[in-house]
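Thanks for taking a look at this one with me.

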Amino acid sequence: MEDKNYPKYVRGKAAVTLSNATMIVTGHENKMVHLRDLEAGASWEDLPAMVTPRHDHAAVLVDDRIVVVMGGWISKEQEGKRFPVTERLTSVEMFDLQGGVGGQWKLIGNMVTARERFAASLVVDHIIVAGGSQTGLTMLESLEHVHAEKLVNGTATSFIPLVSPTVLSQGRVTFGMVSRGDGLLVVGGRVMVPDGRSTRATPSVEKVVFLLIYGQSSLFSPPFRMYIQDGSWFSSVGYHVES
């Protein structure tokens with residue numbers, strides 16, 4: 001059913017679902033943010049704008065109240081250039097919904113790699129980002145993480161890349177990624193064709209498993225013991241943290 005109150009300029013957006021509402025962080029050269037209660041007949045409410053306009057970014061929800069938005073791209077005018085240039089972003093910002101319309105977005109850190117059309121998810125208290133594109137047809141296979149609580153309270157400001165072997169079996173963009181227990185399901189999207197000059201849609205699914213063993217070492221801290229196990233339906237990559 002068509003929602004006549006649906007916000008405009010939602011191309012390239014990211015969205016999160018709260019326990020009682022939906023929040024849309026718009027894209028396409030727009031910084032606006034919109035919130036709507038899930039109650040029937042509720043209307044959209046405008047929230048404070050992001051610090052940086054973003055397109056094809058990603059968002060995750062922490063503790064059902066803190067929205068963390070990262071990456072994407074922005075167009076910038078450049079002297080001597082006829083057309084704007086595209087800049088991929090590493091920056092991360094957050095908004096605490098407890099502040100409501102009186103709250104403010106604030107920059108809180110950076111990813112290691114600038115990404116657009118990537119995916120992000122929360123797994124065992126860590127924000128995980130994967131895949132995406134950095135330039136043109138270049139598709140990323142890499143994955144980064146940061147402890148969610150440390151990021152939002154300011155004790156961590158940078159994501160950390162996970163080391164080889166590459167987490168995704170191949171680079172992909174505009175795909176789905178959901179948390180499942182101690183791992184992730186990576187679904188669909190687009191991948192590069194063998195000639196390296198174009199992309200195609202893929203129906204493939206990967207399962208990325210993090211084997212979490214707590215000891216003296218913290219989660220995802222070196223040293224790692226890694227394994228790759230191929231299955232008929234998915235490939236899985238595990239990270240075993242040595243105690």
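Which residue of strand 6 does L61 stand opposite?

1. A pairing to start with. L61 stands opposite V67 in strand 6. Please keep in mind that this is a predicted model, in which local features need pLDDT of at least 70, side-chain atom pairs count only at pLDDT 80 or more, and totals for chains, interfaces and linings use all residues. Residues are numbered from 1 along each chain as its sequence is written, and side-chain values use heavy atoms, with hydrogens and water left out.

2. Strand 5 (residues 58-62) is joined to strand 6 by five bridges in the antiparallel sense. Strands here are DSSP runs (E, at least two residues), numbered from the N terminus, and two of them pair if DSSP finds at least two bridges between them. Three residues lie between the strands of this hairpin, where D63 takes a positive phi near 60°.

3. The other neighbour. Strand 6 also runs antiparallel to strand 9 (residues 91-96), with five bridges joining them. Here V69 has E93 of strand 9 as its bridge partner.

4. How enclosed is strand 6? Five of the five residues of strand 6 (residues 66-70) are buried, so this strand is largely enclosed by the rest of the structure. Buried means under 20% relative accessible area, exposed means over 50%, and partly exposed lies in between (1.4 Å probe, protein chains only). In a regular strand, side chains alternate between the two faces of the sheet. Strand 6 is covered on both faces: I66, V68 and M70 are buried on one side, and V67 and V69 on the other.

5. Strand 11 pairs with strand 12 (residues 126-130) over five antiparallel bridges, and H126 in strand 12 is the bridge partner of V123.

6. A loop residue. E141 sits in the loop between strand 12 and strand 13 (143-147). E141 is partly exposed, with a relative accessible area of 33%. In sequence E141 and R172 are 31 residues apart, yet in space they are 7.0 Å apart, C-alpha to C-alpha.

7. D46 belongs to strand 4 (residues 45-47). With a relative accessible area of 49%, D46 is partly exposed.

Definitions and conventions. Helix = DSSP H or I, 4+ residues; strand = E, 2+ residues; numbered from the N terminus.
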